[in-house]
Amino acid sequence: MVAKQVFTFWFVTGSQHLYGNDALQKVKDHSEIIVQEMNQTGNMPYEIIFKEVATNSDDILTLMQTANLDDTCAGIITWMHTFSPAKIWIAGLKSLQKPLLHLHTQFNRDIPWNNIDMDFMNLNQSAHGDREFGFMATRLNVKRKVIAGHWSDPKVTTKVKDWMKTAIAFVSGSQINVARFGDNMRNVAVTDGDKIEAQIKFGWTVDYYGIGDLVEVIKQIPETEVDALYREYETLYELPVEATEPGEVRESIQEQARIELGLKHFLTTHGYTAFTTNFEDLHGMKQLPGLAAQRLMAEGYGFAGEGDWRTAALLRMMKIMSDNQDTSFMEDYTYHLEPGNEMILGSHMLEVCPTIAKNKPKIVVHPLSIGDKADPARLVFDSKEGDAITVSLVEMGGRYRMVINEVEAVAALEETPHLPVAKVLWKPAPSFQEATEAWIYAGGAHHTVFSYQLTATQLYDFAQMTDIECIVIDQDTRLSQLRNELQLSNKIW
Ligand code: MN
């Protein structure tokens, strides 16, 4: 597995000295209760740490600068319990480089109708305190998330959790390092791009290696390790009957084990968390990595085929965001165009991640039909059913556009006994026609990342954090509006 880092989020409550020390003590007590309750009953994926009641500009600036330098801090959560004059937030907000969540909540849930007096009002005034803060964040054009509602409401805590996962993926940008084995597939447009811009915008590093660098490492893998990994395959997957005897089929699977070990050794030695391959560029390799790429994706590595390093990095980012659950490299492959029951069959030549499998994957050895290498072993399975998203990240010449489609993954109508690849079938929202027309107008690619675990909102928030354009195609999409939006976007961006 790719190693996981431990992160925390810092909770900062805004107030001022106008109300006296007793009131400030209450502000602190309330903040501590909220943080403790959110951590425990809210079941947060990362710990929230209460930092301080902020009442002056110098303290806020120091806190924000400390957060910037602290590798364990993945974001700041602010709440204006009482009125906090927002001029004291200017210096701090201008310096903050970590994700910001403005939690617009109130300590008390209900108005105590019979007892309410001015003391109560003064201790429950985020309704105007948070508006003062919100004005300043908007005036400064600070990228942030606003979540409103009582802090005990599961709808609120779920939104906070989702945002935390996006923040983690954002602050982990500099840990996303892609090794490209070979270049992009010749003549293909959408997989090409500006690697410097990817590092400036997202922190992603993208490096080239000749395939020979990898072949050398694969050659050094001891046979004992290949045998041990082959035995692991036997416990995890259904193997073809031919593999029970020595021969081509077993050798083909063993070759993928050797490639998997070589790739993993290379990636860990050089500190990469994502990689690409290209079937046009396999000098010295016996097979295109199929099973090997699938197994490494399941361990959390980002991957995409045909040298598509941007989708490989996007997959790694989304694996961080989803904690490596139910998220895979994907390609729009074939359509089912039965009127009223249209759907998309997603797959790839070989490389779909088994974290989206619904059944025990089986290993199949089959010719690739393009290129002239040996028949590669790959995992074949059907994918889960349920709500999912497909995400594409494209370059529009000097800028990025993220395109997201909300979809519903459905069961196949019938068995596909002659299809030697893993697959998923889905129906895109709002309808097949509108969704695919919208996708093509938006310039979305055929390579995507497919996730059952993440929401369009989480990816939209990532686009906000990184200041890139984001087009969401969902139940509410109207094609005429979307086409106008795209035209306006071109002017704005
Ligand atoms: Mn492809």
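I116 is partly exposed, because its relative accessible area of 34% lies between the limits of 20% for buried and 50% for exposed residues. In this predicted model, I116 is placed in the loop that runs between strand 4 (100-104) and helix 4 (118-123). Together with I111, W113, M118 and M121, I116 makes a nonpolar surface patch of about 560 Å².

Q294 counts as buried because its relative accessibility is 0%. When residues up to four places away in sequence are not counted, the contacts of Q294 comprise L350, E351, V352 and P354, together with R378, L379 and F381. The C-alpha atoms of Q294 and C353 are 5.0 Å apart in space, although 59 residues separate Q294 and C353 in sequence.

An open sheet of 4 strands is formed in the order 7-6-8-9, and its pairing is parallel. Helix 12 (residues 309-321) lies across strand 6, strand 7, strand 8 (274-276) and strand 9. The direction of helix 12 is at about 150 degrees to that of strand 9.

Parallel pairing is also present between strand 15 (residues 400-410) and strand 18, where 5 bridges are found. In this pair, N405 stands opposite I473 of strand 18. Strand 18 (residues 469-473) is largely enclosed by the rest of the structure, because 4 of its 5 residues are buried. In general, strands of a sheet pair through backbone hydrogen bonds, in either a parallel or an antiparallel arrangement.

Note on methods:
Residues are numbered from 1 along each chain as its sequence is written. This is a predicted model: local features need pLDDT of at least 70, side-chain atom pairs count only at pLDDT 80 or more; totals for chains, interfaces and linings use all residues. Side-chain values use heavy atoms; hydrogens and water are left out. Buried means under 20% relative accessible area, exposed over 50%, partly exposed in between (1.4 Å probe, protein chains only). Helices (H or I, at least four residues) and strands (E, at least two) are DSSP runs, numbered from the N terminus. Two strands pair if DSSP finds at least two bridges between them. Contact means heavy atoms within 4.5 Å. Axes are lines fitted to C-alpha atoms, for helices over the stretch in contact, and angles run from 0 to 180 degrees between N-to-C directions. Patches are made of residues with over 30% relative accessible area and no salt bridge: like charges are joined within 9 Å, nonpolar side chains (Val, Leu, Ile, Met, Phe, Trp, Tyr) within 5 Å. Accessible areas come from the Shrake-Rupley method with a 1.4 Å probe; for residues, only the protein chains shown count as cover. A salt bridge is a side-chain nitrogen of Lys or Arg within 4 Å of a carboxyl oxygen of Asp or Glu.
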